[in-house]
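Please look through the sequence and the structure shown below. The paragraphs that follow lead through selected parts of the fold, one region at a time.

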Amino acid sequence: MVENKQTYATSYRSHALKGTPIIPGDKSISQRSLILGLLSTGKTCIKHILDSEDVQHTLSATVKLGAEVVQQKNGDYIVQGRGVGLLKKPQEPLYLGNSGTGVRLIKGVVASHPFDTILTGDASLSKRPMNRVTQPLSLMGAEFCSVNNDKEQSSYLPLKVIGARRPIPIEYQLNVPSAQVKSALILAALNTPGTSEIIEPLATRDHTERMLKSFQVNIQEEFTAKGAKRIRIKGHQELQPCTIVVPADPSSAAFFIGAALIVPESDILLENILMNPTRIGFLKALRKMGGNITISNRRTQAGEEIADINVTYSRLKGIHLNADIAPSMIDEYPILAVVSAFAQGESYFEGLGELRVKESDRLSAIVEGLKKCGVECHTQDDNLRIMGTDGNVKGMMGQEKIVTQLDHRIAMSFLIMGLATHKPVSIDDHTVMRSSFPNFMKEIVKLGGHIESA
């Protein structure tokens, strides 16, 4: 295979990182705001939406389903919704690019609308299994098959969704902790008569539940004695349009937090960061490792907690994390693994099976990348062990490059690593970062980091 030299990027050992980077809007909230805007009955205003490929693909899908979307001169998006049950049949396939969130949430929306929809994605998304979503949606009356009407090939894209003509309310307990599966079921329930119940044994991102309340939807939540959450939602409610102010993405902020912790003498400030309790496991873990992280100016914005975060260089110690914390930081494990390589002592992370079905098999990509940089690490089942170097990571030898596997978080994590290694770190494709953080390298350079692309 001939490599495309114009997609390479290399990071080099850098001096102190200083300043206040611009962190883009949260991807999860950006995508949900477009979808709920589609399902509302008037004009929804979305401020500070993430301008990335994933979000643009979700926007395109909502337009094909009947929304009218206009971008204002000030950058705000106005979404004229169609209303629950009133979506129009798309005249062409809905292409979601690399967005696992977008495809699974849209799948939930169309599953309870009485028309057929074809969903497609890029090469990476087409390798990701969809059965964890299609199985419970099938219980609600939807059918799934390949574009050639082969129901045995209904686990992967391209996929035909045959929307339920008479949707059936369900009571369903999630088999794995997944905000995408939970949200798909909630969205399908909006156009389903009666009351549907979804039970999640472990808490996952609750942006859908919070945002629905902003759209004046009656959604009930209660916790059992064992900590499981039961969600009840009655179908055929009307979503009232509202204004959504998208906070800065904590998963994107995580790369800058990690960089400041491992590059000596760094001191950065991150503003307006989402502090949803289901998204701050990464910060909790870093503090336990000894990270100098100060949180200030806490406030509430559109039903979500936000704050400013100051991070300075720290001497970190290894940490043992059990599986319970994984849902609250599943997207941050690649950068946490990089940070752990610079810590003193061993780090051990349990319950990372979900990483195997992300944009890539992130667990194997993390291990392969760390080993290329001279870090001792290995996996056992779904657990990851990393032997920290106490700041003495060699970096990459020769001309070999980290294989990103079309995964934006793997790409960004290893570029961060190269800012503090003795030898440079190169990745094979920097274009994958467009899906969530198009200006990532520019913001790193603005802080004083040394990154070059070819």
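**A guided reading of the fold**

In the predicted model, Leu94 is placed opposite Leu119 of strand β7. This pairing belongs to the contact between β6 and strand β7 (residues 116–120), which pair in the parallel sense over 2 bridges. The two strands are part of an open sheet of 4 strands, ordered β6-β7-β9-β8, and the pairing within this sheet is mixed. At its edges stand β6 (94–95) and β8 (143–146), each of which pairs on one side only.

A second open sheet of 4 strands has the order β10-β11-β13-β12, and its pairing is mixed. Its edge strands are β10 (171–173) and β12, and each of them pairs on one side only. On average, neighbouring strands of this sheet are turned by 15 degrees against each other, when direction is ignored. Strand β12 (residues 219–223) and strand β13 (residues 229–234) run antiparallel and are joined by 5 bridges. Within this pair, Phe223 stands opposite Lys229 in β13. Which residue in the hairpin of β12 and β13 takes a positive phi? It is Gly227, with a phi near 90 degrees, and the hairpin has 5 residues between the strands.

Several residues of α6 are buried, namely His207, Thr208, Glu209, Met211 and Leu212. After α6 comes Gln216, whose phi is also positive, near 65 degrees.

Helix α6 also has a helical partner. Two packed helices are described by the angle between their axes and the distance between the axes. For helix α5 (residues 179–189) and helix α6 (residues 207–214), the angle is about 35 degrees and the axes are 9 Å apart. The residues that meet are Lys182, Ser183 and Ile186 on the side of α5, and Thr208, Glu209 and Leu212 on the side of α6. Sorted by class, this contact of α5 with α6 comprises 2 nonpolar, 2 polar and 2 charged residues.

Another helix, α1 (residues 27–39), contains Ser30. Is Ser30 buried or exposed? A residue counts as buried when its relative accessible area is under 20%, and Ser30 counts as buried because its relative accessibility is 0%. A polar atom of the Ser30 side chain lies 2.7 Å from the backbone oxygen of Asp26. A polar atom of the side chain of Ser30 also lies 3.0 Å from the backbone nitrogen of Leu50. When its neighbours within four places in sequence are left aside, Ser30 is in contact with Gly25, Ile49, Leu50, Val55 and Val246.

Helix α11 (residues 408–418) is mostly covered, with 11 of its 11 residues buried. Among them are the charged residue Arg409 and the nonpolar residues Ile410, Leu415 and Ile416. The N-terminal end of α11 is capped by Asp407, which has a side-chain oxygen 2.9 Å from the backbone nitrogen of Arg409.

The last topic is the aromatic rings. A pair of aromatic rings is described by the distance of the centres and the angle of the planes. How many aromatic pairs does a search of the whole structure find? The search finds 5 aromatic pairs. One of the pairs is formed by Phe255 and Phe440, which are edge-to-face, at 6.0 Å centre to centre and with 75 degrees between the planes. This pair links distant parts of the chain, since Phe255 lies in helix α7 (residues 250–262) and Phe440 in helix α12 (residues 440–446), 185 residues apart. Phe255 and Phe440 are both buried. The pair of Phe437 and Phe440 is edge-to-face because the ring centres are 5.7 Å apart and the planes stand at 75 degrees. Phe437 is buried, as is Phe440. Taken together, ring pairs link Phe255, Phe256, Phe437 and Phe440 into a cluster.

Terms used
Residues are numbered from 1 along each chain as its sequence is written. This is a predicted model: local features need pLDDT of at least 70, side-chain atom pairs count only at pLDDT 80 or more; totals for chains, interfaces and linings use all residues. Side-chain values use heavy atoms; hydrogens and water are left out. Axes are lines fitted to C-alpha atoms, for helices over the stretch in contact, and angles run from 0 to 180 degrees between N-to-C directions. Contact means heavy atoms within 4.5 Å. Two strands pair if DSSP finds at least two bridges between them. Buried means under 20% relative accessible area, exposed over 50%, partly exposed in between (1.4 Å probe, protein chains only). A polar contact is a pair of N or O atoms within 3.5 Å; within protein, one must be able to donate a hydrogen and the other to accept it, and residues adjacent in sequence count only if both atoms are side-chain atoms. Rings of Phe, Tyr and Trp (its six-membered ring) pair if their centres lie within 6.5 Å; planes under 30 degrees apart count as stacked, over 60 as edge-to-face and the rest as tilted.
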